[in-house]
There are 2 protein chains.
Amino acid sequence: MRIIKKGVIINILGFLLIIESVFMLFSAGISLFYGEGDTKGLLLATLVTSVVGVSLFFLSRNTDKNISKREAYIIVSLVWVIFSFFGSLPFIFTGSIHNYTDAFFETISGFTTTGSSILNDIESLPHGILFWRSITQWMGGMGIIVLSIAILPILGIGGMQLFIAEVPGPSPDKLHPRIRETAIRLWGIYIGFTLVEAILLWIGGMTLFDAVCHSFTTMATGGYSTKQASIAYWDSSFIQYVIILFMFLAGTNFTLSYFGLHLRFKKILEDEEFRWYLGFVVLFSVLIAISLIIFQGEALGISIREALFQVVSIITTTGFITADYLSWTPFLTIIIFILMFFGGSTGSTGGGMKIMRIVIVIKNGYYELRRLVHPNAVIPLKFKHHVVSPQILSNILAFFSIYVLIFGVSVIIMSTMEPSLDTAFSSVATTLGNIGPGLGAVGPMDNFYNLPVFGKWFLSSLMLIGRLELFTVLILFTPSFWKR
Amino acid sequence: MRIIKKGVIINILGFLLIIESVFMLFSAGISLFYGEGDTKGLLLATLVTSVVGVSLFFLSRNTDKNISKREAYIIVSLVWVIFSFFGSLPFIFTGSIHNYTDAFFETISGFTTTGSSILNDIESLPHGILFWRSITQWMGGMGIIVLSIAILPILGIGGMQLFIAEVPGPSPDKLHPRIRETAIRLWGIYIGFTLVEAILLWIGGMTLFDAVCHSFTTMATGGYSTKQASIAYWDSSFIQYVIILFMFLAGTNFTLSYFGLHLRFKKILEDEEFRWYLGFVVLFSVLIAISLIIFQGEALGISIREALFQVVSIITTTGFITADYLSWTPFLTIIIFILMFFGGSTGSTGGGMKIMRIVIVIKNGYYELRRLVHPNAVIPLKFKHHVVSPQILSNILAFFSIYVLIFGVSVIIMSTMEPSLDTAFSSVATTLGNIGPGLGAVGPMDNFYNLPVFGKWFLSSLMLIGRLELFTVLILFTPSFWKR
């Protein structure tokens with residue numbers, strides 16, 4: 001195996017840091033407009049980030065444009081960590097968050113589109129910082145689109161190559177042009193949806209600022225809000241339905257939205273993952289709505305809206321809140337907890353295990369029973385009308401089992417710090433799945449502020465591992481990855 | 001596919017019912033000896049069971065001795081259900097348990113060697129019934145030895161065929177002689193261990209009756225006790241260490257004990273599953289012992305013994321209790337909960353997922369990372385120095401994922417009846433894993449009496465599904481199993 005090209009890695013990281021600093025500068029502009037005194041801190045963060053970015057970019061050599069898979073793994077993991085490192089500077093320099101652990105937690109929770117927060121008084125923050133906080137998620141979402149649609153399938157991670165044939169763009173044999181083309185097409189949709197949602201939320205009664213921030217964090221399935229009460233702040237069913245719609249779109253494979261915009265609706269309705277995704281949303285919403293009517297005595301309209309909102313918010317791993325689901329009957333709380341493992345569709349900005357993997361794991365269990373009945377018959381598993389190869393199936397089952405194992409070990413680790421079982425369980429589920437709120441002390445009406453320092457760093461690492469589909473990060477810890 | 005031979009199935013079930021009635025008669029004898037008034041009820045139950053057994057046996061035709069895999073599936077599932085149906089008659093006829101749901105729950109919890117109880121005042125029961133209750137577990141253990149060592153490997157279930165080459169006995173191509181030979185050899189060990197343990201417990205200070213009952217339920221990894229306080233009743237470290245030893249043996253592959261008795265210790269120490277099993281026991285015991293010393297301020301000796309006892313009791317899925325682990329720090333409670341998924345070794349009487357499967361799932365996760373680094377290399381997974389075939393690996397991964405899926409769905413179902421999260425989670429984990437006690441309202445100092453009727457039937461079915469390694473029961477619900 002050949003040497004890792006450090007020059008290329010540094011060069012790309014430098015380039016991306018420059019982009020990050022541009023977004024910081026933009027936040028500084030917003031801050032200047034509102035004139036709230038956070039401008040200086042934001043400009044300082046921009047300066048530091050851009051100087052480091054420019055230095056890395058120009059001092060490194062990038063003569064060889066062809067990066068290999070190994071470099072791709074290193075770059076992907078490093079980008080999220082380094083972005084979070086520099087991204088936390090605005091919080092520190094403006095004095096919005098007082099210690100580095102909290103600032104890093106809040107930032108990586110942004111870039112990984114998780115949305116778990118340590119802030120106790122969000123409304124007290126200046127507009128520039130609130131804007132930066134929202135835009136970390138939007139950038140994270142952009143990164144994830146490229147990652148899940150263009151990079152992970154080529155790296156062969158977790159069955160992501162299953163839908164590669166469906167992705168619009170040039171043939172998948174060359175990494176560079178494919179990333180470029182695919183990114184441009186799908187980012188167009190991402191930006192377009194963000195724009196439309198912002199306008200609708202503005203019409204619905206949000207200020208333009210809140211509308212933009214929330215559409216950023218909706219499309220990223222991030223869930224950061226500019227209000228402590230999240231979406232419950234606006235007592236508007238129009239706003240809630242707009243956000244339900246766009247959370248649902250953000251949790252849908254963006255290539256399907258591409259087909260939708262080209263009026264190829266048949267392709268959407270025939271898509272197996274989409275049908276399951278829609279099916280799960282309807283199933284769990286109906287289940288919760290009926291329970292809310294029977295057990296909580298809620299009205300029909302409110303029940304349907306609250307059920308839909310919470311189910312779509314959790315299954316897409318957004319994490320916006322309109323109701324305190326911890327006050328619901330335990331049965332509903334458990335459903336919310338189980339939903340934390342689902343996640344959005346592949347090729348969406350959603351986290352979690354992803355609908356495709358859940359479905360293939362369920363199908364495989366059923367097929368294994370059929371294989372036992374007919375031990376000599378070859379019964380291949382099909383998904384989206386294609387046979388799932390043994391390699392991909394093995395990778396998906398490994399993904400599922402590693403997810404469960406990491407969950408189990410992490411719960412043990414969190415329980416050393418956290419006395420209540422539901423807090424320990426759900427803090428792991430919600431960060432590993434990049435959702436945001438959990439149960440117990442990290443429930444929808446609380447946040448992660450009171451966790452000990454080690455717990456915050458540990459959960460930060462879970463956000464990263466979950467966001468990068470486990471393998472991308474874990475592979476860096478295998479000796480064979482580093483062997484020549 | 002050919003027709004299912006109903007005659008053979010009925011014939012075998014009749015034969016087994018006759019055996020069950022013999023054990024009932026034996027319990028009636030014990031009852032007669034103590035002269036406590038439960039003799040009549042036990043004799044009536046014996047009569048009903050034997051009449052049904054004899055009728056089925058003689059009225060059915062069993063001309064064709066070769067049963068196929070399909071008949072084997074049906075027989076195995078039916079045996080446990082029918083044994084539990086008739087096995088609950090002694091509780092009903094003697095008035096020891098007042099409603100049929102509770103009696104069935106107590107009995108299937110016996111035959112599946114689970115040990116979850118609905119009894120609130122065990123000591124008030126007459127000796128004959130206590131003996132019957134213990135012996136249901138011992139019979140269940142006997143059944144499991146045959147099942148896991150002789151039948152399941154041939155059916156190809158959950159990777160059980162992995163250690164078939166290791167099993168002493170004739171070659172595995174013929175079902176009938178193999179079951180016979182293997183059963184006789186390993187039952188010999190089972191009975192021998194039971195005898196030795198009973199003598200040791202008697203020496204340790206138990207009455208002969210208690211000693212026999214507890215050695216029945218230890219070797220079956222069942223966990224029924226004749227005392228409400230379980231093993232904590234005897235304040236004797238000798239008794240506790242004897243039970244630790246025999247729980248450990250019962251959770252060890254019985255073929256290894258066979259080698260041990262033939263002084264082939266090298267074969268035991270080289271056995272990969274045994275090394276992991278021992279490793280897990282040591283690891284978790286040390287972890288818990290240290291925590292007990294630091295956080296609970298316990299003495300060294302007591303900490304080691306309590307840690308060892310609870311770890312061995314839960315990991316082997318026995319479920320005896322000497323300490324209220326719910327009063328420990330949450331961290332330790334979570335470890336106990338996670339241990340509920342481990343289970344004993346393959347070829348033992350322990351339930352759960354089994355050490356072999358846990359290890360292979362972990363290994364496969366790691367190997368998948370290596371496969372990603374070297375996508376073109378063939379990296380086969382080895383266990384016990386043998387390559388695990390793709391079919392077996394697929395079956396084990398399917399087992400793991402089905403176990404997790406059943407767990408998730410069952411927790412949702414239990415949460416409709418059970419307000420506390422830890423009760424919902426642990427009642428499923430402890431019945432599916434055939435352990436016995438759980439957390440919360442079904443913790444070590446409580447029992448399953450207060451659950452609603454539907455909950456008891458639901459958990460009963462989980463005991464059955466878990467005990468029969470999932471597939472054996474689930475396969476009966478696939479349409480292709482019944483198609484000609």
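Leaving aside neighbours within four places in sequence, B:G222 is in contact (heavy atoms within 4.5 Å) with B:T113, B:T114, B:G115, B:Q137, B:T217, B:T318 and B:I435. The structure is a predicted model, in which local features need pLDDT of at least 70 and side-chain atom pairs count only at pLDDT 80 or more, whereas totals for chains, interfaces and linings use all residues. Residues are numbered from 1 along each chain as its sequence is written, chains are lettered from A and ligands numbered from 1 in the order in which they are written, and side-chain values use heavy atoms, with hydrogens and water left out. B:G222 is placed in the loop between α8 (208-219) and α9 (237-250) of chain B, helices being DSSP runs of H or I with at least four residues and strands runs of E with at least two, numbered from the N terminus. With a relative accessible area of 0%, B:G222 is buried (buried means under 20%, exposed over 50%, and partly exposed in between, with a 1.4 Å probe and protein chains only).

Between chain B and chain A, about 4300 Å² is buried, 80% of it from carbon and sulfur atoms; this area is the accessible area (1.4 Å probe) lost by two parts on being put together, summed over both. To the side of chain B that touches chain A, α16(B) gives the most, with 13 residues. The contact takes 52 residues from chain B and 53 residues from chain A, and zero salt bridges are counted between the two chains, a salt bridge being a side-chain nitrogen of Lys or Arg within 4 Å of a carboxyl oxygen of Asp or Glu.

Over all chains, 18 salt bridges are found. In one of them, the closest N and O atoms of A:R357 and A:E469 are 2.7 Å apart; A:R357 lies in helix α15 (residues 355-373) of chain A and A:E469 in the loop between α18 (453-467) and α19 (471-474) of chain A, 112 residues apart. Both A:R357 and A:E469 are buried. In chain B, the side chains of B:D271 and B:K384 meet in a salt bridge at 3.1 Å, N to O. Because B:D271 lies in the loop between α11 (265-269) and α12 (272-296) of chain B and B:K384 in the loop between β1 (382-383) and β2 (386-387) of chain B, the pair ties together parts that are 113 residues apart in sequence. B:D271 counts as buried at 6% relative accessibility, and B:K384 is buried with a relative accessible area of 9%.
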